[in-house]
Amino acid sequence: MSNAIILDCTLRDGGYCNQWTFGEKNIKKIILELIHADVDIIECGFLTERIKHKPDITKFNAIDELKDFIPKDKQDKLFVIMANSGEYSFDKLPNATDACLDGIRLAFHKKDIEQAFREAEIIKDKGYKLFLQPMVSLNYTDEEFITLLKKSNDLEPYSFYIVDSFGAMKREELLRLFYLVEHNLKSNVKIGFHGHNNLQLAYSNAQTLMEIPTVGDLLIDSSIYGMGRGAGNLNTELLISYLNGNRGAKYLLSPILSVIDEILINFYDRHPWGFTLAHYISAIHNAHPNYASYLDDKKTLTVERMNEIFWQMDAEKKSKFDPVYIEDLYGEYMERGNVYEAHLDELRKKLEGKTVLLIGPGKSAKEANEKIRCMGKNNDTAIISVNYNYDDNIVDYIFCSNMRRFVKLDANDYKKCIATSNIKAQGVYLQVKYRDLMNNFKAVKDNAGLMIIRLLINLKIKKILLSGFDGYSHDILNNYANEEMSIHMKNSIMDEINDGMRQAINKFREKVEIEFLSGGGRFEQKGTNDMKKDDIRAVTFMDSTSEKTGGGGKVYYFLNKKSFLLNNRRWVA
């Protein structure tokens with residue numbers, strides 16, 4: 001069995017989950033607790049010129065920026081940093097004898113080998129321990145990998161890694177690469193393994209390697225609580241437990257658990273990581289996990305449809321995330337399908353001269369049930385439910401652009417369903433072109449509520465009422481009238497959607513009258529266009545919560561010291 005060495009990469013790989021904003025105190029505590037746990041090698045973050053360094057993040061522009069985080073007494077631990085090839089001018093590096101760092105991990109893609117090895121020579125000449133990290137190792141043929149190993153032998157790096165960038169490596173593939181490395185790499189160079197958890201194999205793959213009888217040391221990368229992009233990494237706490245229980249190691253688990261409890265749980269609650277079906281799909285296609293994140297964040301595709309998009313990706317595009325490429329591919333996919341507009345003129349005539357009430361799935365639609373029912377009895381109002389059937393007795397039409405929502409509709413609903421062309425269905429009342437209803441606000445380009453508003457504008461509707469268009473709260477239990485419709489979404493994405501909806505609705509108001517029957521506070525224009533200066537002055541100095549007061553014939557409901565309700569609209573003082 002090999003001598004396993006733990007390299008913890010929480011502060012670097014974990015940074016994909018929080019934009020590397022750990023905070024100064026947390027950075028120091030994580031490093032200190034890793035030292036207390038007796039972890040062998042501690043990776044402190046990224047070395048890059050692509051972003052300006054700030055004291056609370058673990059992306060650094062210079063080695064000296066780390067000196068306040070690394071203790072003078074390193075207690076025989078190695079401190080390293082990672083740099084992506086092409087992202088740093090290595091001529092700027094101080095000599096290792098004058099630096100607080102011991103080593104540099106150089107990550108590179110197959111197409112950048114020549115540039116990477118020029119950079120690697122500089123790193124070696126400066127006296128740093130050199131870790132070579134060939135990204136997406138599965139993308140190399142055996143011949144290419146052997147050539148890379150021979151080239152690496154000329155440099156004699158501290159270590160050479162097998163990198164499972166997309167969490168796609170199965171046991172047989174890992175062993176094939178390992179034996180290529182072991183048989184072709186100089187014996188004084190350590191072999192490393194960096195795994196991701198898209199297929200839930202990072203832990204078992206690491207165990208497989210540790211059970212192989214080898215002469216040299218084996219470096220195993222891990223992160224506390226598995227913190228890392230998408231499906232995350234091998235958990236440091238699991239690796240410690242395994243080595244202590246099976247290999248006689250003496251790592252301390254308590255300091256690692258302290259980091260989880262006091263720091264990482266908070267990050268996880270805001271931006272969770274771990275196994276998902278989306279990242280499983282990206283792994284089986286050996287594609288960059290950000291593609292899975294992009295498609296999953298849309299919340300419009302079933303897993304089967306997501307899989308179809310991965311099948312259509314160019315092989316050369318899979319290894320490096322291209323946001324423009326996946327946006328175009330997604331758009332092209334959604335544009336496909338049937339268009340059935342035989343009833344379009346009929347719909348126009350049925351809605352002519354009427355107010356249209358759109359019912360979204362937000363909680364306010366449930367709270368406004370009596371109002372909605374009264375409007376359902378009014379012949380001057382047509383009711384359209386968005387992405388679900390609010391109530392079969394009062395809903396005239398159901399608009400659906402989301403495949404995940406459509407598959408949950410009853411087949412009896414199809415006869416009054418207005419679907420977009422991306423929906424694969426037969427027997428719907430109307431099917432309209434998906435692209436024709438998109439807007440220019442990035443976060444909500446294909447939002448179902450905005451798509452039906454645009455369709456109604458095209459049909460020359462004069463007035464639209466909205467209910468259940470509430471926007472997103474970070475508490476997902478407050479977002480839907482029916483909890484079964486709740487979906488998990490990153491807070492940052494919810495905020496972007498709320499802002500995009502506000503902008504789009506106000507833009508659409510230039511073409512059609514739009515009012516909220518209920519909800520909508522998050523989408524109202526921030527401002528004071530129907531208030532007097534005295535009104536603003538009257539509320540600016542309030543410091544109470546949910547306090548009701550009156551004055552000048554108006555009633556204010558103070559939500560907090562900076563916002564209040566006036567005329568059922570939320571205003572910011």
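Reply: Happy to! Helix α4 covers residues 142-155, and its 14 residues should span 20 Å at 1.5 Å a residue; the end C-alpha atoms are 20 Å apart, so the two values agree. Do keep in mind that this is a predicted model.

Now for the sides of the helix. Phe145, Leu148, Leu149, Ser152, Asn153 and Leu155 are the buried residues of α4. Because these residues cover an arc of only 150° around the axis, they lie on the same side of α4.

What do the buried residues of α4 pack against? Their partners include three strands, β5 (103-108), β6 (129-134) and β7 (159-163), along with the helices α3 (113-125) and α5 (171-184). Just after α4 comes glutamate 156, with a positive phi of about 50°.

As for the cysteines, a search of the whole structure turns up 0 disulfides. Cysteine 17 is in no disulfide, and the nearest cysteine sulfur, that of cysteine 9, is 11 Å away. Cysteine 17 counts as buried because its relative accessibility is 7%, under the 20% cut-off. Cysteine 100 is in no disulfide either; the nearest cysteine sulfur belongs to cysteine 44, 7.8 Å away. With 17% relative accessibility, cysteine 100 therefore counts as buried too.

How values were computed. Residues numbered from 1 in each chain as written. Predicted model: local features only at pLDDT ≥ 70, side-chain atom pairs only at ≥ 80, totals over all residues. Heavy atoms only, no water. Disulfide = S-S within 2.5 Å. Buried < 20%, exposed > 50% of the residue type's maximum accessible area, 1.4 Å probe, protein only. Helix = DSSP H or I, 4+ residues; strand = E, 2+ residues; numbered from the N terminus. Expected span 1.5 Å × (residues − 1). Arc of directions from axis to C-beta. Contact = heavy atoms within 4.5 Å.
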